[in-house]
Amino acid sequence: FTEIHPSNNTRHIIKQYRFNGKIWNGPYVLFDGYNEYGPSLSIDNSKLFINCDYCKRTETGWSQPVRFLNNKVIHYLQETDKGNYYFLSFINDSTTDIYKMIVTGKDTTLQAFGLNMKSKVQNDYYIATDESYLLVSLNKSEIKCFGGKDIFIRFRTKTGWSKPINLGNEINTNDAFTRFGMSLTPDKKFMFYSQVDPNGVHVFWVKVDDLFKRLREQAFSIE
């Protein structure tokens, strides 16, 4: 996960927790004073993507970041089981969208989702590794929220994506200002996310497999 550097708000600290089978230990610093953020793991866990850069897993941790893409306006690059890459980027000063990047040999094709999320603050997202659903972090200025920015889910349909469904106030509590940085464990049972509230920034994990199943049924009953 990422923290803003305490002495320079244009720089970031990439940190990690380690799970020993019983408890989480950390956080431990991976990169201090880094200019990128939004870390995500590759499907085989051998690479760590950090926006436009990536690191390789080594016997002692991670290599130093190297450039993966030259585009400097992408956020939260993610890989799926199909070998596709996704990222979020600004369309203009007030609108963001999610893009699918298909790499075939030396050719690269970009496809915009057309979600056109209206926000002066960059939204956040997570795409399931099987590409069956999206998690999106949306502001109260663009949709009804329990807090300042809530996590919503959108399921893939035959024609695109379902309407955003709020994950509910057990996750999107009334007192929190914003939530972002969503990701799921490989077994798709638990979600991690960051939350900013009056007490600071916190990392949470929560069991979501049963919740997502219920929300999927709800989404397609509406459709």
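# Notebook: pockets, cores and rings

**Entry 1, the second largest pocket.** I began with the second largest pocket, which holds about 180 Å³ of space. A pocket here is an open set of points on a 1 Å grid over the protein atoms alone, where a 1.4 Å probe fits, with protein on both sides within 12 Å along at least five of seven lines. The volume is the space filled by probe spheres set on the points, and grid points are joined across faces, edges and corners.

I noted that this is a predicted model, where local features need pLDDT of at least 70, side-chain atom pairs count only at pLDDT 80 or more, and totals for chains, interfaces and linings use all residues. Residues are numbered from 1 along each chain as its sequence is written, and side-chain values use heavy atoms, with hydrogens and water left out.

Next I looked up who lines the second largest pocket: Leu167, Gly168, Asn169, Glu170, Ile171, Val206, Lys207, Val208, Asp209, Asp210, Leu211 and Arg214. Strand S19 (200-207) and helix H1 (209-222) are the elements that give two or more residues to this lining. H1 has the largest share of it, four residues. Helices (H or I, at least four residues) and strands (E, at least two) are DSSP runs, numbered from the N terminus. By type, I found five nonpolar, two polar and five charged residues in the lining.

Which members of the largest nonpolar core touch the most other members? I found Ile98, Tyr125, Leu135, Ile153, Leu167, Met191 and Phe212, in a core of 33 residues. S9 (85-92), S13 (124-127), S14 (133-139), S15 (149-155), S17 (178-184), S18 (190-197) and H1 each supply at least two residues of this core. The most come from S14, with five residues.

A nonpolar core is a set of buried Ala, Val, Leu, Ile, Met, Phe, Trp, Tyr and Cys residues joined through side-chain atoms within 4.5 Å. Buried means under 20% relative accessible area, exposed over 50%, and partly exposed in between (1.4 Å probe, protein chains only).

I then picked out Met191. Leaving aside neighbours within four places in sequence, Met191 is in contact (heavy atoms within 4.5 Å) with residues including Leu135, Ile151, Leu167, Met182, Phe204, Trp205 and Phe212.

I turned to the aromatic pairs and found 19 of them in the structure. Rings of Phe, Tyr and Trp (its six-membered ring) pair if their centres lie within 6.5 Å; planes under 30 degrees apart count as stacked, over 60 as edge-to-face and the rest as tilted.

Why does the pair of Phe113 and Trp161 count as stacked? Their centres are 5.5 Å apart and their planes are at 15°, so the pair is stacked. Phe113 lies in the loop between S11 (107-112) and S12 (117-118), and Trp161 in the loop between S15 and S16 (165-166), so the pair ties together parts that are 48 residues apart in sequence. Trp161 counts as buried, at 17% relative accessibility.

I also looked at Phe190 and Trp205, a tilted pair with 5.1 Å centre to centre and 35° between the planes. Phe190 lies in S18 and Trp205 in S19, so this pair ties together parts that are 15 residues apart in sequence. Phe190 counts as partly exposed at 25% relative accessibility, and Trp205 is partly exposed at 40%. Ring pairs link Phe19, Trp24, Phe190, Phe192 and Trp205 into a cluster.

I found a cis peptide bond joining Gly26 and Pro27, with omega about 10°. Pro27 has its place in S3 (residues 24-34).

Asn45 has a phi near 65°, a positive value in a residue other than glycine. Asn45 lies in the loop between S4 (39-41) and S5 (47-50). Lys188, not a glycine either, has a positive phi of about 65°, and I located Lys188 in the loop between S17 and S18.

Methods
1 Å grid on protein atoms, 1.4 Å probe; cavity = no way out; pocket = protein on both sides within 12 Å on 5 of 7 lines; lining within 4 Å. Nonpolar A, V, L, I, M, F, W, Y, C, P; charged D, E, K, R; others polar.
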